[in-house]
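Thanks for coming. I will go through one structure today, starting with how its parts are packed together. Please look at the sequence and the model while I talk.

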Amino acid sequence: MELRYFEISEFDSKDLKGSGTNMNPEFLQMIDQARAVAGIPFKINSGFRTVARNQMLPGAKSNSSHLKGMAADIACTDSVSRLKIITAALSVGFTRIGIAKTFIHIDNDDTKPAACWVY
């Protein structure tokens, strides 16, 4: 699969080089499209996660969509970029968005209800 704006390694779990290949292909196409719409770079803080990595993170859920390769956290610290990322994510079909002070979580996990939340 070819992505315009990302290298698959950007989605690697911090503890397992090459694990970005576990990302869901539909998710990758959607985030690539969202990046095009937003018109700003997306720095991926977290993409795929191993169970071990997920357990190390405070507040991470045992059913995290990161474990399925269906989620990413995008670095973001200003309101203008935050609006661009969220607007773009919604426009390409993401239905689950979490907003934190330093990142935006997006996922397309269809086993979970559509939602928007704050951390």
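Start with helix H1, which lies across S1, S2 and S4 and runs at about 25° to S2. Before going on, note that this is a predicted model. On to helix H3: H3 lies across S2, strand S3 (96-99) and S4, and its direction is at about 170° to that of S3.

Now the sheet itself. Five strands make up an open sheet, and their order is S1-S2-S4-S3-S5, with mixed pairing. At the edges are strand S1 (44-46) and strand S5 (115-118), each of which pairs on one side only. From one strand to the next, the twist averages 25°.

For those new to this, a general point: strands of a sheet pair through backbone hydrogen bonds, and the pairing is either parallel or antiparallel.

Which way do S2 and S4 run? They run antiparallel, and five bridges join them. Within that pairing, Ala71 stands opposite Asp107 in S4, and Ile74 has Ile104 of S4 as its bridge partner. On to the pairing of S3 with S4: it is also antiparallel, with four bridges. There, Ile97 has Ile106 of S4 as its bridge partner. A hairpin of three residues connects S3 to S4.

Let us stay with S4. Is S4 enclosed or open to the outside? Five of its five residues are buried, so S4 is largely enclosed by the rest of the structure. Another general point: in a regular strand, side chains alternate between the two faces of the sheet. In S4 both faces are covered, with Phe103, His105 and Asp107 buried on one side and Ile104 and Ile106 buried on the other.

Take Ile106 as an example. What does Ile106 touch, leaving aside neighbours within four places in sequence? Its contacts include Phe27, Ile31, Ala72, Ile74, Ala89 and Phe94.

Next, the aromatic rings. The count comes to five aromatic pairs. Trp117 is partly exposed, with a relative accessible area of 24%, while Tyr119 is exposed, at 55%. Elsewhere, Phe6, Phe11 and Phe42 form one aromatic cluster.

Ser19 lies in the segment before H1. Is Ser19 buried or exposed? Its relative accessibility is 2%, so Ser19 counts as buried. A polar atom of the Ser19 side chain lies 2.7 Å from the backbone oxygen of Leu16. Leaving aside neighbours within four places in sequence, Ser19 is in contact with Asp12, Ser13 and Phe48.

The other residue is Met56, in helix H2 (residues 51-56). Met56 has 56% relative accessibility and therefore counts as exposed. Met56 and Asp12 are 44 residues apart along the chain, and their C-alpha atoms are separated by 16 Å.

That is all I have.

How values were computed: Residues are numbered from 1 along each chain as its sequence is written. This is a predicted model: local features need pLDDT of at least 70, side-chain atom pairs count only at pLDDT 80 or more; totals for chains, interfaces and linings use all residues. Side-chain values use heavy atoms; hydrogens and water are left out. Contact means heavy atoms within 4.5 Å. Two strands pair if DSSP finds at least two bridges between them. Helices (H or I, at least four residues) and strands (E, at least two) are DSSP runs, numbered from the N terminus. Axes are lines fitted to C-alpha atoms, for helices over the stretch in contact, and angles run from 0 to 180 degrees between N-to-C directions. Rings of Phe, Tyr and Trp (its six-membered ring) pair if their centres lie within 6.5 Å; planes under 30 degrees apart count as stacked, over 60 as edge-to-face and the rest as tilted. Buried means under 20% relative accessible area, exposed over 50%, partly exposed in between (1.4 Å probe, protein chains only). A polar contact is a pair of N or O atoms within 3.5 Å; within protein, one must be able to donate a hydrogen and the other to accept it, and residues adjacent in sequence count only if both atoms are side-chain atoms.
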